[in-house]
Every structure is written in structure tokens, then in C-alpha cells.
Amino acid sequence: MIEDYKKLAELKKEYLAYEGSEVITWCSGCGNYGIQKAIERAVVLEGYKPKDVLFCYDIGCHGNGSDKMGKTEVYTLHGLHGRVLPVAAGAAVSNPNVKVIAAGGDGGTMSEGINHLVHTIRNDYPMIFILHNNENYGLTTGQASSTTRRGLAMNGSPDGVMMEPLNCSEFALNLGASFVARVYSGDVKHMTKVLRAALNHKGFAFVEVMQVCPTYNKATPVEWYEERSAPLKSTPKTRSDALKAARDMEKNMKLGVLYQDKKTVNFLDRLVNRKDVKSVPVDEVKRFNISELIKRFM
Ligand SMILES: Cc1ncc(C[n+]2csc(CCOP(=O)(O)OP(=O)(O)O)c2C)c(N)n1
């Protein structure tokens with residue numbers, strides 16, 4: 001770890017390129033600060049230059065990370081609520097030379113856009129997805145999402161949530177995701193380590209961040225995670241062991257890479273008709289004059 005800090009100090013210029021100067025609108029104590037730090041550290045430590053990465057954000061508190069990124073050198077894209085995954089997947093397959101890192105909240109991802117998550121996992125697109133699971137709709141001021149704990153009183157459901165929450169990592173594992181990790185927003189070092197592993201994964205890397213929301217989620221403050229969560233010693237060997245590790249969200253939450261299929265064949269490598277093609281789609285479209293086609297829709 002000391003080595004990482006030394007390396008980060010040496011790479012200060014590269015690191016600062018990711019740091020924006022916009023005023024931040026996150027609440028004091030929000031888990032997004034730590035998540036943003038970990039993402040920036042992970043890409044710098046893995047040697048990515050800003051031009052080699054595209055950051056895609058959904059709409060929500062986490063989405064304001066888009067403003068926090070350095071404006072002059074970093075590419076960011078802010079999508080529609082719940083729809084970041086298809087946009088990010090499109091970018092990932094159009095230009096595989098760019099690393100796509102997408103982020104979404106538990107609201108947009110596990111409700112409005114849950115269909116997109118299902119099919120992104122099935123397709124095993126080569127990209128990372130960071131699920132900011134603060135167990136509520138943060139930006140619209142604390143309504144219950146599908147990950148809010150049962151019984152918790154929220155804005156819009158003052159008598160308490162009636163349904164059981166979804167377990168997001170278990171959901172991704174059950175759908176056959178080739179990389180699933182769960183981390184906690186208060187542990188930047190551990191998040192950085194796991195995100196570095198995700199950056200090196202060949203297919204779709206699903207990273208669920210259990211995110212502290214001091215303003216609206218009173219069920220799981222920092223102390224809750226400090227007492228009840230701990231990193232795994234090693235990654236479970238099989239999907240069924242990973243599912244066992246992902247189950248407990250109450251007493252002993254296990255953190256780390258829950259599952260990885262290092263031999264996964266991602267979407268691009270499965271495309272038979274592009275087997276020996278060396279160019280990438282984003283360059284290929286430049287060879288076509290589409291002005292006539294556009295006129296047909298004018
Ligand atoms: C289709 C659609 N539905 C609802 C909204 C309103 N809306 C904007 S942000 C937001 C809450 C986002 O919650 P979440 O996805 O959990 O992200 P967080 O703010 O907690 O990071 C909602 C409901 C919207 N913009 N578009």
C-alpha cells in the first residue's frame with residue numbers, strides 16, 4: 001500500500017488532471033467523496049491517461065461526480081436517469097481502445113433501468129459499472145428505492161417500507177455476471193484495490209459500493225459498516241460460494257471481489273463477423289458519407 005502512495009505522489013500531475021474545480025454539491029459526509037477518490041486513484045495507478053477513459057454517469061447525487069472530474073482533459077457523459085448502461089455499453093463497443101467506467105445509483109439502476117442491467121450482464125460488455133448503493137433516491141431527497149431496508153421510514157413512505165430490499169450483488173451473480181464485487185464507501189484503500197481489479201477484467205465488471213448517505217439513510221451510517229462489514233480474505237472460487245458470501249446484508253457483510261471468471265469471453269470477442277477485423281467501429285463510420293441518409297430524415 002505504501003508503494004501505491006509513493007506512486008500516486010510521483011503521478012501527482014496525472015492525478016490532478018482528473019480533479020475538477022467545480023463547487024461540489026454533495027452533503028458533508030457523503031460516501032461519494034470516497035468513491036470519487038478511489039476511482040481517480042485506481043485509473044492513475046493502472047496507468048490510464050485521461051484521453052483513454054470515458055466516465056459515464058446516470059442522473060442522481062452520484063452523477064454530480066461528472067462535474068467534479070477535470071474539465072479540460074477528462075471525457076464525461078451524463079445520461080438520462082436509469083439509462084446510463086446502454087449509453088456506456090454503446091461507447092465501450094464502438095471504441096474498445098477507451099476504457100468505459102459507468103456509474104449509477106440504486107434508484108435508477110435497480111428500478112427504472114433494471115432491464116438495462118440484466119442485458120448488460122448477459123452481453124458481458126467490456127466495461128466497469130459502479131453501483132452507488134446508498135439505499136435511497138438521494139437527489140430527489142430520500143425516497144425509498146428497491147434497496148431501502150424494510151421498515152425504514154422514508155420521504156414518501158413515512159409508515160416504513162413494506163417490501164424486502166433487493167440484494168444487488170446477489171442479483172448480478174444470479175444473472176451470471178463475470179465479475180462481481182462489493183465494497184464500502186468509507187474504505188478508499190480497499191475500494192481502490194477492487195477497482196484496479198475491475199479495470200483489469202476482460203468483461204463486464206459490476207462493483208456495488210455500499211454508500212453512506214448521512215442525510216437520508218439513517219439505517220446504515222458509518223458506524224454500522226465499521227461494526228458489521230469486513231473484507232474477504234480471498235475471492236470465493238465458485239459462483240455458489242460467491243452467492244453465499246453475498247447473502248448477508250445484516251450482520252456480517254463481506255466485502256471484496258465476490259466472484260471473477262478470468263477466462264470470460266466478452267461481447268466483442270464473441271462477435272464472429274468481426275473475428276479478424278483490426279479497426280474499431282468508431283473509425284469505420286468515418287469512412288462513410290452519411291449526409292444523404294441524414295437528408296431523408298430532415
Ligand atoms: C425517468 C426519470 N424518473 C425520475 C427522475 C427524477 N430523478 C432524478 S434523480 C432521481 C433520484 C436518483 O436516485 P438514485 O438513482 O438512487 O441516485 P442517487 O441520487 O441516490 O445517487 C430521480 C428519481 C428523472 N430525472 N427521470
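This is a predicted model: local features need pLDDT of at least 70, side-chain atom pairs count only at pLDDT 80 or more; totals for chains, interfaces and linings use all residues.
View 1. Eight strands line up as an open sheet, and their order is E2-E1-E3-E4-E6-E5-E8-E7. The pairing is mixed. Look at the edges: strand E2 (75-78) and E7 each have a single partner strand, so one side of each has no neighbour in the sheet. From one strand to the next, the twist averages 20°.

**View 2. Strand E8 and its two partners.** How many of the eight residues of strand E8 are buried? Seven of them are, so E8 (residues 253-260) is largely enclosed by the rest of the structure. Strand E5 (residues 179-184) pairs with E8 in the antiparallel sense, over four bridges. Zoom in on Val180 and you'll find its bridge partner in E8, Tyr259. Strand E7 (residues 229-231) also pairs with E8, but here the sense is parallel and there are three bridges. In this pairing, Pro231 stands opposite Leu255 of E8.

View 3. Strand E1 (residues 53-57) runs parallel to E2, and four bridges join the pair. Now find helix H9 (residues 188-199), which lies across E3, E4, E5, E6, E7 and E8. Helix H9 runs at about 165° to E5.

**View 4. Helix H5 against helix H7.** Two packed helices are described by the angle between their axes and the distance between the axes. For helix H5 (residues 84-94) and helix H7 (residues 114-123), the angle is about 30° and the axes are 8 Å apart. Angles under 35 degrees count as roughly parallel, so H5 is roughly parallel to H7. Where they meet, H5 brings Leu85, Pro86 and Ala89, while H7 brings His116, Leu117 and Thr120. Sort that contact by class and you get four nonpolar, two polar and no charged residues.

**View 5. Around the ligand.** Which residues come closest to the ligand? They are Gly60, His81, Gly105, Gly107 and Gly138, out of 18 residues that surround it. Helix H6 (residues 106-112) gives the most to this shell, with four residues. By class, the shell has 12 polar, four nonpolar and two charged residues.

Technical notes. Residues are numbered from 1 along each chain as its sequence is written. A residue is near a molecule or strand if its C-beta atom, placed from the backbone, lies within 6 Å of it. Helices (H or I, at least four residues) and strands (E, at least two) are DSSP runs, numbered from the N terminus. Ala, Val, Leu, Ile, Met, Phe, Trp, Tyr, Cys and Pro count as nonpolar, Asp, Glu, Lys and Arg as charged, and the others, Gly among them, as polar. A residue is buried if 20 or more other C-beta atoms lie within 10 Å of its own, exposed if 12 or fewer, and partly exposed in between; C-beta atoms are placed from the backbone. Two strands pair if DSSP finds at least two bridges between them. Axes are lines fitted to C-alpha atoms, for helices over the stretch in contact, and angles run from 0 to 180 degrees between N-to-C directions. Angles under 35 degrees count as roughly parallel, over 145 as roughly antiparallel, 65 to 115 as roughly perpendicular and the rest as oblique. Two residues are in contact if their C-beta atoms, placed from the backbone, lie within 7 Å.
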